[in-house]
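Hello,

Here is the structure I promised to pass on. My notes follow below it.

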Amino acid sequence: MQNQQSIQGILSIAALICLAVGWFNLFSPEINHLLSRKVFYVLIGASFFIQAPLLTNKNFVYAMYAAAAICVLGAFIPEGSKLSAVKTVGLLAGIILSLSNRRR
């Protein structure tokens, strides 16, 4: 369990680094776009996938798997498509599920 949490944390930090690279334009526009619009969502989706079995509320496990799948699959939808916003929905759902899992 500790190992899964470590991997999940590393994936989350790597995703944030990808997002920051895109914001600060550290590389060419193509690389920045790839990192902040594609790799970010794939890493976050992987992080949600690893986090899902660790949720204390077992009712949320499948919802977290769905959020993970939406993030990963949404990353591969072309930007101009009307469905490209689905990855953001997956991201928000995963964040809400993560926050609702926190111990009080």
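How much of the chain is helix and how much is strand over residues 60-77, and how far apart are the end C-alpha atoms? That span is 83% helix and 0% strand, with its end C-alpha atoms 26 Å apart. Helices are DSSP runs of H or I with at least four residues, strands are E runs of at least two, and both are numbered from the N terminus.

Before the rest, please note that this is a predicted model, in which local features need pLDDT of at least 70 and side-chain atom pairs count only at pLDDT 80 or more, while totals for chains, interfaces and linings use all residues. Residues are numbered from 1 along each chain as its sequence is written, and side-chain values use heavy atoms, leaving out hydrogens and water.

The unreviewed UniProt entry places "transmembrane region" at residues 7-27, 39-55 and 60-77; such annotations may be inferred rather than shown by experiment. Residues 39-55 are 76% helix and 0% strand, and their end C-alpha atoms lie 24 Å apart.

The cysteine sulfur nearest to that of cysteine 18 belongs to cysteine 71, 14 Å away. Cysteine 71 is buried, at 0% relative accessible area.

Best wishes

Methods
Disulfide = S-S within 2.5 Å. Buried < 20%, exposed > 50% of the residue type's maximum accessible area, 1.4 Å probe, protein only.
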